[in-house]
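Here are my notes for someone opening this one for the first time. Keep the viewer at hand and go through the points in order.

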Amino acid sequence: LDNNRAKDGFLLSPLSIRKVIEEVSDRRVIELSEEYPWLKIIVPQLDGEEVPMLPAKFRGLLQKIDWQSQPPTERPISQKPSDIIDQLLKIGVLRLIPDGRIHVPDIYLYGFKMKRRGGIRRPR
């Protein structure tokens with residue numbers, strides 16, 4: 001634990017905390033994918049994207065998914081991007097911020113391989 005102690009005397013450094021959040025986020029998305037198998041299909045489309053994001057851009061990313069090539073058990077009930085966004089809002093994966101953009105809470109952000117503007121950089 002001493003290896004993770006921050007230089008300023010705190011028990012954990014911000015990078016250590018971020019690493020734990022990333023691990024928990026990965027696990028949470030895997031757990032949620034058991035109930036909603038189509039979530040794992042959208043991860044590659046969201047990989048590397050930044051939030052907050054305009055809803056139109058999010059819809060555009062979802063439109064790129066070829067749902068017909070996926071097994072029927074791994075498709076959402078409706079493949080319309082706006083319906084998928086509504087479902088993600090309903091289950092708490094997405095939230096709308098006051099300016100109308102889409103945000104992803106940290107508990108899901110890293111599991112979807114997304115980034116938040118202004119976040120802590122990963123060590124190399």
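1. Serine 25 counts as buried, because its relative accessibility is 0% and the cut-off for buried is under 20%. Keep in mind that this is a predicted model, so everything here is computed from that model.

2. Where does serine 25 sit? Its place is in helix 1, which covers residues 14–35. Setting aside neighbours within four places in sequence, serine 25 touches Asp106, Ile107, Tyr108, Leu109, Tyr110 and Gly111. Helix 5 spans 106–109, so several of those names will come up again when you look there.

3. Now zoom out for the overall layout. The protein has five helices and four strands, and along the sequence they come in the order α-α-β-α-α-β-β-α-β. Of its 124 residues, 35% count as buried. Take the contacts with a separation of 6 or more: residues 24 or more positions apart account for 59% of them.

4. Leu11, Leu12, Ile17 and Ile21 make a nonpolar surface patch of about 300 Å². One of these, leucine 11, is found in the segment before helix 1. With a relative accessible area of 46%, leucine 11 is partly exposed.

5. Helix 3 (residues 55–63) is worth a look end-on. Phe58, Leu61 and Leu62 are buried there. Viewed down the axis, the buried residues of helix 3 fall within an arc of 95 degrees, so they line one face of the helix. What do they pack against? The partners are helix 2, helix 4 (81–90) and strand 3 (102–103).

6. For the aromatic rings, the count comes to one pair. Tyrosine 36 and tryptophan 38 form it, edge-to-face, at 6.1 Å centre to centre and with 70 degrees between the planes. Are these two buried or exposed? Both tyrosine 36 and tryptophan 38 are buried.

7. Next, glycine 48, in the loop between helix 2 (39–46) and strand 1 (50–51). Glycine 48 is partly exposed, at 31% relative accessible area. Leaving out neighbours within four places in sequence, glycine 48 is in contact with Lys113, Met114 and Lys115.

8. Two backbone details deserve a check. Most residues other than glycine have a negative phi, and most peptide bonds are trans. Against that background, a cis peptide bond joins valine 51 and proline 52, with omega about 0 degrees. Proline 52 is found in the loop between strand 1 and helix 3.

9. The other detail is lysine 113, a residue other than glycine with a positive phi, near 60 degrees. Lysine 113 lies in the loop between helix 5 (106–109) and strand 4 (115–116). Its relative accessible area is 37%, so lysine 113 is partly exposed. You have met this residue already: Lys113 is among the contacts of glycine 48.

Conventions
Residues numbered from 1 in each chain as written. Predicted model: local features only at pLDDT ≥ 70, side-chain atom pairs only at ≥ 80, totals over all residues. Heavy atoms only, no water. Phe/Tyr/Trp six-rings, centres within 6.5 Å; stacked < 30°, edge-to-face > 60°. Buried < 20%, exposed > 50% of the residue type's maximum accessible area, 1.4 Å probe, protein only. Helix = DSSP H or I, 4+ residues; strand = E, 2+ residues; numbered from the N terminus. Contact = heavy atoms within 4.5 Å. Arc of directions from axis to C-beta. Patch = residues over 30% accessible without salt bridge, like charges linked within 9 Å, V, L, I, M, F, W, Y side chains within 5 Å. Areas by Shrake-Rupley, 256 points an atom, 1.4 Å probe, with all protein chains shown as cover. Salt bridge = Lys/Arg side-chain N within 4 Å of Asp/Glu carboxyl O.
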